Amino acid sequence: MSDDASQDITPEFIDAEELLDFHALTLSNQAPPDELHLLPLSERPFFPAQAQPLLMNEKPWRATVEAIGETEHHMVGMVMIRPDDTDRMAGPQDFHNVGTMVRMHNPTGEDGKIQFIAEGIRRFRIKDWLSRTPPYRVRVEYVEEPLGGEENQVKAYSVAIINTIKDLLPLNPLYREEVQYFVQRINPNEPSKLTDFAASLTTAKRDELQTVLETFPLLDRMEKVLVLLNKELELAKLQSNIRSQVEDKVDAQQRKFFLREQLKTIQKELGLSKDDREADLDRFADRLKKLTIPATVQERIDEEFDKLRILEKGSSEYGVSRNYLDWITALPWGVHSKDKLNLSKARKVLDRDHDGLEDVKDRIIEFLAVGALKGEVGGSIILLVGPPGVGKTSIGRSVADALGRKFYRFSVGGMRDEAEIKGHRRTYVGAMPGKIVHALKEVQTSNPVIMLDEIDKIGASYQGDPASALLEVLDPEQNSDFQDHYLDVRFDLSKALFVCTANQLDSIPGPLLDRMEIIRLAGYITSEKLAIARHHLWPRLLERSGLEARQVKLTDAALCAIIEGYAREAGVRHLEKLLARILRKAAVKVLTARGKNKGKTITVSAKNLTEFLGQPYFQKSKPLRGTGVVTGLAWTAMGGATLDIEATVVHSRNSGFKLTGKLGEVMQESAQIAYSYLSAHLVEYGAPADFLDSRFLHLHVPEGATPKDGPSAGVTMTTALLSLARGKAIKRPLAMTGEITLTGHVLPVGGIKEKVIAARRTGVMELILPDANRRDFEELPEHIREGIQAHFAKHYRDVYQVVFENN
């Protein structure tokens with residue numbers, strides 16, 4: 001084919017206008033050819049009653065089309081191939097055995113395709129292959145088409161087919177056009193042509209249509225076609241119903257739309273409706289009627305109202321101004337909730353929600369008592385410091401319940417952008433107010449209890465320092481004029497009560513810490529954990545698991561075993577997880593119980609506890625004893641802990657000192673001070689004067705994989721070295737804490753409550769504490785101090801007297 005967009009393949013072909021005269025196209029006056037060239041059909045077979053354009057790829061079949069053009073009759077056999085692909089060259093094995101003889105009219109080529117008008121003449125069967133390579137040429141035979149039955153039957157089927165076609169016509173306009181064309185070309189009274197035409201109307205599968213084509217007896221063919229027509233009729237009815245439903249739905253939506261528009265127009269004419277701008281302005285004005293707005297804020301709101309009235313609704317500035325008014329009018333200007341300052345009820349709320357923490361409850365009641373005398377609570381910032389799981393967040397919620405105030409909590413842990421606190425300026429796209437304004441909008445009161453969780457984990461970045469932004473929020477002298485960057489107006493936060501939580505104080509900036517009133521929450525002892533688990537954790541977990549108290553029973557002995565063997569941490573969070581695990585295993589037992597065990601109460605006792613939790617994490621062990629071994633007390637973020645510090649002589653060839661145990665710099669310096677102080681006072685404490693001159697000492701603090709640091713191990717290290725030098729062990733359970741100087745003075749340390757609890761947990765009831773910490777010990781609750789024998793030391797000589805002279 002040439003580069004022309006369209007051209008005739010063979011100019012000798014009959015012109016398409018000849019199709020108007022069917023009799024001119026038939027072979028009534030000449031016998032059909034015995035030999036035909038073949039062209040493939042892929043999608044569906046071609047029927048004798050059809051006349052329609054066909055399109056196929058030029059490359060594989062151009063030679064065949066040219067060969068057809070050289071014949072006198074211009075006939076071609078159209079046969080469906082088995083693989084559904086005419087792009088490749090089909091082989092003789094791919095062609096079906098029966099096809100339709102077609103006269104080709106007006107073939108043209110364009111864009112790699114051949115298009116021609118095909119007019120079906122009659123069926124044929126392939127008798128022999130004359131050419132098995134393109135262009136394919138075969139010898140054919142034309143099988144007679146017997147009636148296959150009585151003439152009345154054929155007539156009845158013809159009527160049935162015509163009636164079915166009539167039913168199809170109203171459902172699809174395309175059927176009407178094809179029927180009109182068929183009537184113009186073919187006599188409808190010819191049953192064979194009518195049957196083939198009816199088959200060509202359907203959208204049946206290619207194999208079903210090929211079966212119709214291969215059926216030569218007329219009556220059998222009519223039966224098959226009538227079945228296909230009825231299927232087509234059902235499909236057309238279904239499509240028509242779907243189309244009607246869609247059209248009805250669209251019409252209903254359009255009708256509603258037009259009615260709404262008409263209603264808007266009528267209401268506008270009658271003055272009964274407002275546009276979106278007026279509706280927004282009225283809504284904002286209604287909000288302001290219920291609020292007490294300061295004069296300066298009212299001026300800013302009036303300016304924004306005026307701006308909103310003149311701005312185009314589609315402009316970006318309109319959206320910015322509208323959002324600003326939405327926020328500023330949603331804040332609780334002048335709205336306060338009334339405080340409940342009944343101390344007895346407040347105490348009941350605290351006791352209801354928490355077991356233990358008596359010292360913390362007393363501090364909160366004292367705080368509320370001052371508020372009761374003033375008539376209001378505010379202007380203070382409480383910082384709750386303690387290990388994870390001791391109830392810091394729930395204490396803040398209980399304070400809000402006791403006061404009758406709204407409660408809002410958000411975490412500042414990991415916060416690195418000061419805009420999270422004070423908002424973004426309105427010049428930025430997508431600007432929003434900060435967390436404080438979000439809190440006020442949600443609680444709808446100016447004096448809520450706002451909890452800032454994890455304040456010790458707040459971060460900083462190039463975007464700003466959130467801790468510095470909190471200075472204005474948490475300073476009672478400044479927060480009466482708190483200014484959010486987005487709102488850019490003053491809001492009084494002085495009536496709000498801020499409760500912050502932290503695990504430690506070291507990472508909190510000094511200026512921020514200075515503005516807070518610190519309340520420490522130490523860890524729980526076993527009796528407190530037992531009460532918390534029995535009164536709070538176990539009932540809550542039973543409800544969550546769907547089990548009833550009668551189905552699962554947990555004995556006090558089992559609960560004590562869980563606390564001592566599995567959950568020794570300061571808080572109760574891990575204890576709650578362990579109890580949840582027990583209930584999950586119990587739920588499985590309840591659902592899988594059979595026979596006598598079905599409906600039986602599952603009892604968790606100390607004996608069968610390992611079936612639910614496995615072997616204990618912690619074994620009952622007493623502090624190590626021996627020469628050079630001393631028990632120390634340490635504070636960690638998880639609460640208190642005991643440390644067995646060990647000292648030994650490695651060899652006696654030369655002097656030296658080695659430290660192990662993954663100690664931090666401060667702890668290493670404490671060990672060096674202890675070694676130096678003891679070197680200068682060996683004789684004073686009854687040790688050989690030359691003990692350190694020729695001995696290499698090794699001091700170790702287990703566990704080696706756990707990092708340790710802090711200034712409270714100096715006394716313990718000195719005592720371990722002195723025990724080694726004197727060759728005498730400490731024979732009774734004794735633990736100690738305190739920092740030592742080069743002159744032997746014992747300095748105070750922190751975390752006394754946690755350390756006392758840790759000693760009590762391990763069964764050590766005799767302690768040595770710095771004298772400067774006497775007040776801290778005496779302020780501990782009675783149930784923690786009960787049975788504890790505490791010695792207080794100002795100088796190391798006091799420690800020596802307790803440890804060695806009384807040993």
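Tutor: Start with a rule: a charge sits over a ring if NZ of Lys or CZ of Arg is within 6 Å of the ring centre and within 35 degrees of the ring normal. Arg426 meets this rule at Tyr324, with its charged end 3.9 Å from the ring centre.

The model is predicted, so local features need pLDDT of at least 70 and side-chain atom pairs 80 or more, while totals for chains, interfaces and linings use all residues. Residues are numbered from 1 along each chain as its sequence is written, and side-chain values use heavy atoms, without hydrogens or water.

Now ring against ring. Rings of Phe, Tyr and Trp (its six-membered ring) pair if their centres lie within 6.5 Å; planes under 30 degrees apart are stacked, over 60 edge-to-face, the rest tilted. The whole structure holds 16 aromatic pairs. One of them joins Tyr677 and Tyr796, edge-to-face, with centres 6.1 Å apart and planes at 75°. This pair links distant parts of the chain: Tyr677 lies in helix α22 (residues 665-680), Tyr796 in helix α27 (residues 796-805), 119 residues apart.

Phe777 and Phe792 are both buried.

Finally, a cluster: ring pairs link Tyr677, Tyr685, Tyr796, Tyr800 and Phe804.

Terms used. Helix = DSSP H or I, 4+ residues; strand = E, 2+ residues; numbered from the N terminus. Buried < 20%, exposed > 50% of the residue type's maximum accessible area, 1.4 Å probe, protein only.
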